[in-house]
Amino acid sequence: MKLEDAIRKVPGIGPKREAALRADGVETVGDFLAHTPRVYIDRSKRSALTEQTDQPVTVEAVITKKGTVRHIRRNLSLFHCAIEDDAGNCGRVTVFNQPWLRDRLEEDQWYYFFGKISVSKGTPVLVNPQFTLADAPGDFFDLTPVYGKIGGLGSEGVHKTVNRILHPKKESDTLAVPEILPEWLRKKYDLESADVMLYDLHLPKTAADVERGRRRMKFEEALKINIGIAKNRVAGEPSNVHLYHLASITRFENGLPFALTSGQKKVLSEIEADLTSGRVMNRLVQGDVGSGKTIVAVACAYWMALGGYQCAYMAPTEILAQQHAKNFDAFLSPYGIAVTLITGSMKEKERANALAHIENGEAQVIIGTHALFQKDVHYYNLGMVITDEQHRFGVHQRGVFAEKGEQPHMLVMSATPIPRTLALVLYGDLDISVIDTMPEGRKPVKTYFYTEKAMPKILSFMAKLMAEGQQGLIVCPFIDDSAEMEGVRDTQSVYQSVQQYYKGLYRVGCLHGKMTASDKQAVIDRFNAGAIDLLVATSIVEVGIDVPNLSVMAVMSAERFGLSQLHQLRGRVGRGGQQAYCFLVSNNLSEKTVERMKVIVNHHDGREIAEADFRLRGPGDVLGTRQHGLPSLSALDPAADSGLIAETKDVALALIQSPKAEDMRCVSALSNAFDQGVGKISMN
Ligand code: ADP
Ligand code: MG
């Protein structure tokens, strides 16, 4: 068998299973094996009965007396066994709801029991332990892999299938695993071969096996990232955008309704140095929600346009693109700079018109979504690309421009404080600027966590503010009621009940992603103009609603949102400098939800919130890289493994420069794998 064989070839995988696996992105044997265990159960740690443990341990003990099964109620039965370990400590095994196990346990027989030891009234107790006969433990002490669900297969199903692949009945079916890493490299860094790695990760005997397997896998991934980045690298190369002197920023600043903060000024001076250096810029601007990143982008567009170059600004959604186009136009039209919008949903004629202007250079600042980089868009002279809050458009974006013979400066804006190594993985080699100040006079948004029982109270609080002319926002995780998501609030039903509640008093609007672009725009325009008092919306408002009058918001089923996302949402209220309020509403009172909500209630600094989010969910989930298939980081944790990413950078460069055939093969295999991983990111 080969890694690229269809998964269907594995015994036991029928057409139904094949379809289910395909839905989870598994087509080949290799895809299946890339799904490595989440954790391993290790029963090798032994303990005496006297120790109380947080983690399960193995206790060797003899059953001194076996009790009878008692049926407490219909769904509850139990029996006890008195046990004694080899040091003579007495304890008890309690088995709930598995009466049949009583026949498998014998008095005077020694067993290994695996479970947590708790103490009940002075007696050590193991509840529902796993066990095996002490004189025939079999594979009890081997590690047991635990897999996440895939293609409808649970952990045991995955394990069985893996066994069929790695230990086939016929010798001729043995899996052939090609080796990517050159032998000298494996020797130098003491890395095991690719096939041994698969056995060590899937069917390890000891924790040391797993460790070796993971080390090899991480090394390969870190190397892949470095090779991918090096191959896509342009920052620092001579630029063909010739701008040695920029228009005066003072003139621009004087035209603003506010003074730039010191953080904004500092970042602009860093960008100015890049743009006049004669080299290609690749810079990430980080700034908390509300720190004023947009105006930095506008200033860049101003510089570009007055220097004779086009500037493209990519927003994550059409709504935002539309809104930014208005915003940019308001700031830039006084200087005679033409701002053009281009979106996917434009009418044919409008679009043709926009395309013509982009091609003949009349459009100086072009705002849009991914539509900005479709094949039929030809720039007159693109000098700079700015992408906002866009983690899905990373290193690979360069390829798109290179194909068109362009090499613009790159600026990425993000509200999430990304660790340097992760930024490297997401965006390639780039410089980072931080807007570390907030515009003056911002008050922290007062934030509360309530269950839905408090809704009447929240609605009447909102009414009070709306009576004073303020506006409100209610965010729901879903558009409409879906059976799968029972108990989760949706925009439609919340909209209906809230509208009923405020009938004749306040004007309620509704906004969600399934509306047509023009309907969405109409609602946003009315909300901005104050013609809607309260907006019920999905999280499409996460970034971009900028209504100074917006003072209060409620987030329904708040547990469904990421912490950084909640922080983003909260950044929409209180922009006019007034005291603002945010209610997180959830009927989910699990420990985890309460802990997460407390982070938002108690913290107002995006950095602290992102740290908590990384800690609670892991960076991949926070940044959405897991869903978006960024260079698949199955073992590598960009935060924890930053050392390895740094270490393999030199290895990558050495390999790229090496003339040896095996090194060249390694580079091309890894760089293909990298491009494929990144290529999955939506590029239209
Ligand atoms: P974000 O960094 O979240 O994208 P925005 O650029 O949308 O933030 O700015 C948030 C709000 O702050 C906007 O209403 C903007 O006009 C305002 N703003 C930006 N810079 C300043 C400043 N230096 N002083 C006062 N208000 C500012
Ligand atoms: Mg923004």
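Residues are numbered from 1 along each chain as its sequence is written, and chains are lettered from A and ligands numbered from 1 in the order in which they are written. In this predicted model, local features need pLDDT of at least 70 and side-chain atom pairs count only at pLDDT 80 or more, whereas totals for chains, interfaces and linings use all residues, and side-chain values use heavy atoms, with hydrogens and water left out.

Strand β23 spans residues 581–585, where strands (E, at least two residues) and helices (H or I, at least four) are DSSP runs numbered from the N terminus. Five of the five residues of β23 are buried, that is, under 20% relative accessible area with a 1.4 Å probe and protein chains only, with exposed meaning over 50% and partly exposed lying in between. Tyr 581, Phe 583 and Val 585 point one way from the strand, while Cys 582 and Leu 584 point the other way.

Two strands are taken to pair if DSSP finds at least two bridges between them. Strand β18 (residues 446–450) runs parallel to β23 and is joined to it by five bridges, with Thr 447 standing opposite Cys 582. Strand β22 (residues 550–555) also pairs with β23 in the parallel sense, over four bridges, and Met 553 has Cys 582 as its bridge partner.

Elsewhere, Asp 190 lies in the loop between α4 (183–188) and α5 (194–202), and counts as exposed because its relative accessibility is 62%. The C-alpha atoms of Asp 190 and Arg 212, which are 22 residues apart along the chain, are separated by 9.3 Å.
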